[in-house]
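These are my notebook entries on a structure that I had not examined before. I set down what I looked up, entry by entry.

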Amino acid sequence: MNIIGPDKLIFGVDDVAACKQFALDYGLVTKDEQNYVSLDGTGIEILHKDDASLPAPLPSGSMLRKTIYGVADQATVEAIAAELSKDREVKTLADGSIEALDDLGFVLGFQVTIRQTLDLPAETINAPGAAPQRGVNLTGVSKDFTAKPRSLSHVVYFVPDIEKAEAFYSERLGFVTTDRFTGTGPFMRPAGTLDHHTLFFLKTPPFMQGVEHFTFHMSGPTEVSQAGYALVEKGYQSFWGPGRHIFGSNWFWYFKSPFGCNIEYDADMDLHDDSWEAREALPGADNSQVFLLQSREKWAPGGPPGKP
Amino acid sequence: MGKLWLGNVSDIADGQAKGFDPNHSGSDTFFIVRQGNELFAYVDICPHYNDTSLPWKRHHYLDSASDYIVCAAHGALFEINNGDCVQGPCKGQKLSKIPLEVSSQQEIWISLTTIKEFNL
Ligand code: FES
Ligand SMILES: [Fe+2]
């Protein structure tokens with residue numbers, strides 16, 4: 001199954017205005033009244049939780065109402081429809097996409113991907129011994145900054161049964177497990193991407209089933225830090241970060257949000273192909289990050305102007 | 001034992017909440033919700049992970065209808081009057097409630113013993 005990754009997450013929220021403002025402050029761009037997108041067109045849709053067009057919520061009341069995957073072509077959409085209709089209802093929607101439940105009750109959609117190919121440089125660095133990535137007289141940073149999330153990266157679900165979840169995504173949809181935390185959950189990537197993960201699970205009691213966080217890829221660690229700092233300056237509250245994960249090597253910074261889940265910035269994730277052998281580690285702080293920084297207000301040595 | 005003045009009841013609009021940081025730690029350590037003329041104060045720590053604060057922005061502790069206290073990390077909902085978590089990851093657990101004093105002039109006070117006891 002040539003699934004590329006998440007194209008869109010659809011939310012049914014309590015405070016629509018706050019969520020839309022958050023989306024803009026995070027760096028997404030308005031596509032239409034309810035759709036907010038990153039540079040490659042992937043993004044989120046924000047509706048009120050009582051909107052009649054939304055699929056029913058999970059019993060936990062999670063605001064994530066649907067995860068739509070982008071796939072390579074119409075043949076893949078049809079292959080997924082054929083596979084899933086063996087044991088469940090698969091709806092075809094007016095836009096040609098299909099909709100079905102996964103084995104845990106999350107609503108999934110599949111469509112020919114809307115993800116556009118990006119042709120952009122990554123953040124550049126210079127280091128002794130390596131050819132400069134940034135030429136002479138080109139500066140690395142500027143205070144003049146707008147966050148530009150590039151692509152919807154991954155979503156993390158709270159699920160009661162990780163074995164069932166992993167089996168569904170691997171056996172029915174062709175996802176591959178790249179690494180796992182013992183007893184907590186696997187990191188998975190679909191066949192159509194090399195990204196370390198587009199999906200991760202955390203084992204929880206059934207009443208918690210829902211979404212832990214979602215995130216977009218940024219151009220590099222500087223953009224993660226600068227974008228996160230800009231959110232802090234706007235009054236948003238950090239949940240965890242900035243730091244760098246071990247599994248996936250991605251930089252992270254998580255923020256609390258009015259979406260009923262955390263929203264992350266990430267950058268510089270490892271790529272893997274089928275020759276990679278999944279690692280396993282015990283969950284916990286030591287195996288979750290190589291380091292964790294914590295934000296404080298901008299500061300400089302020397303005190304206020306005029307003080308020695 | 002001394003006490004600390006937190007402001008007047010009228011500083012918090014009905015159906016709104018406000019965070020406080022009495023020791024200037026850089027983030028709020030407790031918050032007060034006003035419902036009518038009643039005030040409810042809780043430690044700003046969500047029982048889900050037991051070491052993270054609730055709001056996504058300063059003072060944003062309530063849902064849009066002001067019916068529940070919300071933890072913005074994973075959407076837990078808590079009853080305003082008793083701090084019980086009724087939906088979300090910490091269902092069945094509760095926020096830790098803090099005693100306040102309200103004077104006849106509608107001034108809000110917290111005792112230094114409370115600040116110490118709850119590590120505010
Ligand atoms: S930390 Fe509050 S709901 Fe998870
Ligand atoms: Fe993440």
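**Entry 1. Loops of chain B.** I began with B:N50, which I located in the loop between β4 (38-43) and β5 (68-70) of chain B. The model is a predicted one, and I read each local feature with that in mind. The phi of B:N50 is positive, about 65°, although the residue is not a glycine.

I looked up B:H24 next. B:H24 sits in the loop between β2 (17-20) and β3 (30-35) of chain B. Its phi is near 55°, again a positive value in a residue other than glycine. With a relative accessible area of 71%, B:H24 is exposed.

**Entry 2. Where the chains meet.** How many residues of chain B are in contact with chain A? I noted 19 residues of chain B, in contact with 21 residues of chain A. The size of an interface is often given as the accessible area lost when the parts come together. For chain B and chain A I recorded about 1600 Å² buried between them, with 55% of it on carbon and sulfur atoms. Which three residues supply more of the area that chain B buries against chain A than any other three? I found them to be B:W56, B:K57 and B:H74, which supply 36% of that area. The side of chain B that touches chain A is made up of seven nonpolar, eight polar and four charged residues. I searched for salt bridges across this interface, and the rule finds zero. For polar contacts, the rule finds ten residue pairs across the interface, both residues of each at pLDDT 80 or more.

**Entry 3. The iron ion.** I asked which protein atoms are the donors of the iron ion (ligand 2). They are NE2 of A:H154, NE2 of A:H213 and OE of A:E264, at 2.1 to 2.2 Å from the ion. Along the chain, I wrote the spacing of these donors as H-x58-H-x50-E. A:H154 belongs to strand β9 (residues 151-159) of chain A and A:E264 to strand β16 (residues 262-267) of chain A, so this pair ties together parts that are 110 residues apart in sequence. I also checked accessibility at two of the donors. A:H154 is buried, at a relative accessible area of 2%, and A:E264 is buried at 0%.

**Entry 4. A buried loop residue of chain A.** I turned to A:Q209, which is in the loop between β12 (199-203) and β13 (210-217) of chain A. Its relative accessible area is 10%; buried means under 20%, so A:Q209 is buried. What does A:Q209 touch, leaving aside residues up to four places away in sequence? I listed A:L58, A:S60, A:S62, A:L104, A:G105, A:F106, A:F158, A:P160 and A:T204.

Entry 5. After α1(A) comes A:G27, with a positive phi near 120°. Last, I looked at the peptide bond from A:G241 to A:P242, which is cis, with omega near 0°. I placed A:P242 in strand β14 (residues 238-244) of chain A.

Methods
Residues are numbered from 1 along each chain as its sequence is written. Chains are lettered from A and ligands numbered from 1 in the order in which they are written. This is a predicted model: local features need pLDDT of at least 70, side-chain atom pairs count only at pLDDT 80 or more; totals for chains, interfaces and linings use all residues. Side-chain values use heavy atoms; hydrogens and water are left out. Contact means heavy atoms within 4.5 Å. Buried area is the accessible area (1.4 Å probe) that two parts lose on being put together, summed over both. A salt bridge is a side-chain nitrogen of Lys or Arg within 4 Å of a carboxyl oxygen of Asp or Glu. A polar contact is a pair of N or O atoms within 3.5 Å; within protein, one must be able to donate a hydrogen and the other to accept it, and residues adjacent in sequence count only if both atoms are side-chain atoms. Ala, Val, Leu, Ile, Met, Phe, Trp, Tyr, Cys and Pro count as nonpolar, Asp, Glu, Lys and Arg as charged, and the others, Gly among them, as polar. Donors are N, O and S atoms within 2.8 Å of the metal (3.2 Å for Na, K and Ca); water is not among the atoms, so sites may look incomplete. Helices (H or I, at least four residues) and strands (E, at least two) are DSSP runs, numbered from the N terminus. Buried means under 20% relative accessible area, exposed over 50%, partly exposed in between (1.4 Å probe, protein chains only).
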